[in-house]
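Visitor: Could you walk me through this one while I have it open? I'll jump around a bit.

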Amino acid sequence: MASYTVDTKKDGKVVYKVHVSSHGRRVTRSWHPQAGWSAKTIDRELNKFAANLENELAAGKIQTRAEKIAAKKQQKPRPRKSKPLRNMQTACLCPQRP
């Protein structure tokens, strides 16, 4: 089920926050209407955007924020950028003192 709220930016532009939920998964997206659109056109295009968002969420094309974080944690860790100290001692290019 989709719902939306209307917000106004500091510069006076209108932004619609579309909230969609499906099977316990919730997603929020912003939608900006074009300047000069009538109220009827804005309503029609907003409903199209919300329906498309619902379909993508149901099909699994969109990930929620929690799903993105969980997927990132499951990835293998990135390699360390610096070498450990024990490797640097043998590879030191400093001149040896007599």
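Visitor: What share of the residues counts as buried here?
Guide: Of the 98 residues in the protein chain, 16% count as buried, and please keep in mind that this is a predicted model. The chain exposes about 8800 Å², of which carbon and sulfur atoms supply 52%.

Visitor: Let's do the strands. How do β1 and β2 run relative to each other, parallel or antiparallel?
Guide: They run antiparallel, with 7 bridges joining β1, residues 2-8, to β2. Together the two strands form a hairpin with 5 residues between them, and Gly12 in the turn has a positive phi of about 95°.

Visitor: Which residue of β2 is the bridge partner of Val6?
Guide: That partner is Tyr16, and Tyr16 is also one of the residues in the largest nonpolar core. Val6 itself belongs to a nonpolar surface patch of about 250 Å², which it makes with Tyr4 and Val14.

Visitor: Where does Val14 sit, and why isn't it called buried?
Guide: Val14 lies in strand β2, and it counts as partly exposed because its relative accessibility is 32%, whereas buried would require a value under 20%.

Visitor: OK, the core. Which residues make it up?
Guide: The largest nonpolar core has 11 residues in all, namely Tyr16, Val18, Val20, Val27, Trp31, Ile42, Leu46, Ala50, Leu53, Leu57 and Ile62. The elements that give two or more residues to this core are β2 (14-22), β3 (25-31) and α1 (39-59), and the largest share, 5 residues, comes from α1.

Visitor: Pick Leu57. What does it touch, away from its sequence neighbours?
Guide: Leaving aside the neighbours within four places in sequence, Leu57 is in contact with Val20, Ser21, Ser22, Arg25, Val27 and Ile62. Among these, Val20, Val27 and Ile62 are also members of the core.

Visitor: Ser22 is on that list. Is Ser22 buried or exposed?
Guide: Ser22, which is found in strand β2, counts as buried because its relative accessibility is 16%. With neighbours within four places again set aside, its contacts are Leu57 and Ala58.

Visitor: What about Thr64, where is that?
Guide: Thr64 is placed in the loop between α1 and α2, the latter spanning 65-74. Even so, Thr64 is buried, since its relative accessible area is 9%. Beyond its neighbours within four places in sequence, Thr64 is in contact with Arg25, Arg26 and Val27.

Visitor: Arg25 keeps turning up. Which residue does Arg25 form a salt bridge with?
Guide: Arg25 forms a salt bridge with Glu67, and the closest N and O atoms are 2.9 Å apart. This pair links distant parts of the chain, with Arg25 in strand β3 and Glu67 in helix α2, 42 residues apart. Glu67 counts as partly exposed because its relative accessibility is 30%.

Visitor: How many salt bridges are there overall?
Guide: The count comes to 3 salt bridges. Besides the one between Arg25 and Glu67, Glu45 meets Arg44 at 3.9 Å, N to O, and Glu45 also pairs with Lys48, where the closest N and O atoms are 3.4 Å apart.

Visitor: Where do Glu45 and Lys48 lie?
Guide: Both lie in helix α1, 3 residues apart, which is about one turn of the helix.

Terms used. Residues are numbered from 1 along each chain as its sequence is written. This is a predicted model: local features need pLDDT of at least 70, side-chain atom pairs count only at pLDDT 80 or more; totals for chains, interfaces and linings use all residues. Side-chain values use heavy atoms; hydrogens and water are left out. A nonpolar core is a set of buried Ala, Val, Leu, Ile, Met, Phe, Trp, Tyr and Cys residues joined through side-chain atoms within 4.5 Å. Buried means under 20% relative accessible area, exposed over 50%, partly exposed in between (1.4 Å probe, protein chains only). Helices (H or I, at least four residues) and strands (E, at least two) are DSSP runs, numbered from the N terminus. Contact means heavy atoms within 4.5 Å. Patches are made of residues with over 30% relative accessible area and no salt bridge: like charges are joined within 9 Å, nonpolar side chains (Val, Leu, Ile, Met, Phe, Trp, Tyr) within 5 Å. Accessible areas come from the Shrake-Rupley method with a 1.4 Å probe; for residues, only the protein chains shown count as cover. A salt bridge is a side-chain nitrogen of Lys or Arg within 4 Å of a carboxyl oxygen of Asp or Glu. Two strands pair if DSSP finds at least two bridges between them.
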